[in-house]
Amino acid sequence: MKQLKGLDIVLKNFSKFILNFKYSRIFINEILVLSVLFVFLAFLFFEISFLKLLIILLVIIALNLLVLNSIGYKRRKEINEIKSVIKSIRKNKIANEEDIVLSKYLKNLEGNIKGMFQRTQNDIVRMEKLAQARSDFLGYVSHELRTPIFTIQGYLETLLDGAIDDAKVNRIFIKKALHHSGNLNALLNDLIDISMIESGLMSLSFKSFNIYDFLKNIIDEINSTEKIEGVNLKLLEFDKDIKVFGDKERLKQVMNNLISNALKYTPKGTIELSLYNKKKDVVICIKDSGIGIKKEDQKRIFERFYRTERDRSSLVPGTGLGLAIVKHILEAHNSSISVKSELGVGSEFTFKLKKD
Ligand SMILES: Nc1ncnc2c1ncn2[C@@H]1O[C@H](COP(=O)(O)OP(=O)(O)O)[C@@H](O)[C@H]1O
Ligand SMILES: [Mg+2]
């Protein structure tokens with residue numbers, strides 16, 4: 001019985017030794033070279049007999065085995081430590097980077113693992129935010145689409161139920177349905193634009209063009225096609241030879257959005273477009289004497305779908321996407337938009353463009 005126990009201990013230690021050896025075998029070449037060198041020097045300088053040499057050789061081999069065992073033991077411990085940290089990260093058992101602790105000789109590696117862990121955590125948070133944004137977006141879109149569709153459906157049903165023969169309302173209802181289908185179309189166009197921009201598919205073609213002609217054309221077009229009552233939309237005079245560099249079509253979209261906002265939110269008054277000529281760029285301002293925007297709303301109006309409480313509940317149509325599109329287009333021009341506004345006094349939107 002005792003013998004068996006003894007044998008068991010020997011076997012256990014031997015298997016540990018083999019295991020340690022596995023971890024230290026990468027050093028075997030160095031140790032062999034050193035040993036051979038040592039024996040060779042002993043033979044050369046001390047003229048030792050062959051038997052003594054053999055004994056020395058055996059002692060060196062035994063010492064080497066002990067050294068390899070000790071190196072292997074330490075390496076095995078360190079590698080197991082690293083393995084266990086990696087396993088805990090993989091199995092999501094680590095919530096905080098402070099939970100990653102390695103022994104003192106591995107502090108440098110510990111720092112690196114912590115850095116990697118932090119990065120993965122950041123990626124996860126970003127992905128969760130994206131997933132949330134996507135589901136918010138779908139929620140908004142379906143809500144925004146439902147309103148005009150239900151309204152159109154309502155008018156069509158009322159017409160079918162008999163109103164079509166009522167000469168007093170039939171035309172009015174058809175006009176209203178048409179108006180809402182127009183809103184639906186505008187919403188879809190804005191949605192297509194915003195999704196194209198956000199997925200990076202908006203391609204811009206930059207050209208040099210005359211900014212006075214560009215703004216004059218936009219104003220003339222609006223003045224000739226839209227019924228503007230009580231509002232004076234005008235372009236203030238400036239140097240007619242300035243050229244800027246940008247995507248003309250996209251910048252037209254920017255101007256149309258800003259002017260249509262100014263028109264929508266200015267029941268009576270003036271809307272002035274002006275341009276300031278600077279050294280390297282021009283500053284374009286769209287100033288209205290309309291209802292203005294509250295301070296706390298000014299920070300948020302460039303978010304997609306954001307409409308102020310007042311305008312969400314009013315009958316003024318809108319998607320809340322216009323300024324988000326404007327912001328994206330100007331960012332693609334390395335520019336940004338800012339707003340100054342006072343309730344009841346008016347608003348002023350300003351942005352820069354590079355001169356050519
Ligand atoms: N010129 C302006 N005067 C007053 N409020 C404005 C003006 N331009 C924008 N806003 C406010 O900013 C919000 C967001 O504008 P926008 O993104 O163009 O959406 P929309 O015009 O479809 O409502 C508007 O709902 C409105 O409340
Ligand atoms: Mg708008």
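A residue counts as near a molecule or strand if its C-beta atom, placed from the backbone, lies within 6 Å of it. This is a predicted model, in which local features need pLDDT of at least 70, side-chain atom pairs count only at pLDDT 80 or more, and totals for chains, interfaces and linings use all residues. Residues are numbered from 1 along each chain as its sequence is written, and chains are lettered from A and ligands numbered from 1 in the order in which they are written.

**View 1. The shell around ligand 1.** Ligand 1 is surrounded by 22 residues, the closest being Tyr-265, Arg-307, Gly-318, Gly-322 and Leu-323. Helix 7 (248–264) and helix 10 (322–332) each give at least two residues to this shell; helices (H or I, at least four residues) and strands (E, at least two) are DSSP runs, numbered from the N terminus.

**View 2. Strand 2 beside strand 4.** These two strands pair in the parallel sense over five bridges. Leu-235 has Leu-273 in strand 4 as its bridge partner.

**View 3. Contacts of Val-326.** Leaving out residues up to four places away in sequence, Val-326 touches Val-254, Asn-257, Leu-258 and Ile-337. Contact requires C-beta atoms, placed from the backbone, within 7 Å.

Note on methods:
Contact = placed C-beta atoms within 7 Å. Pairing = 2+ DSSP bridges.
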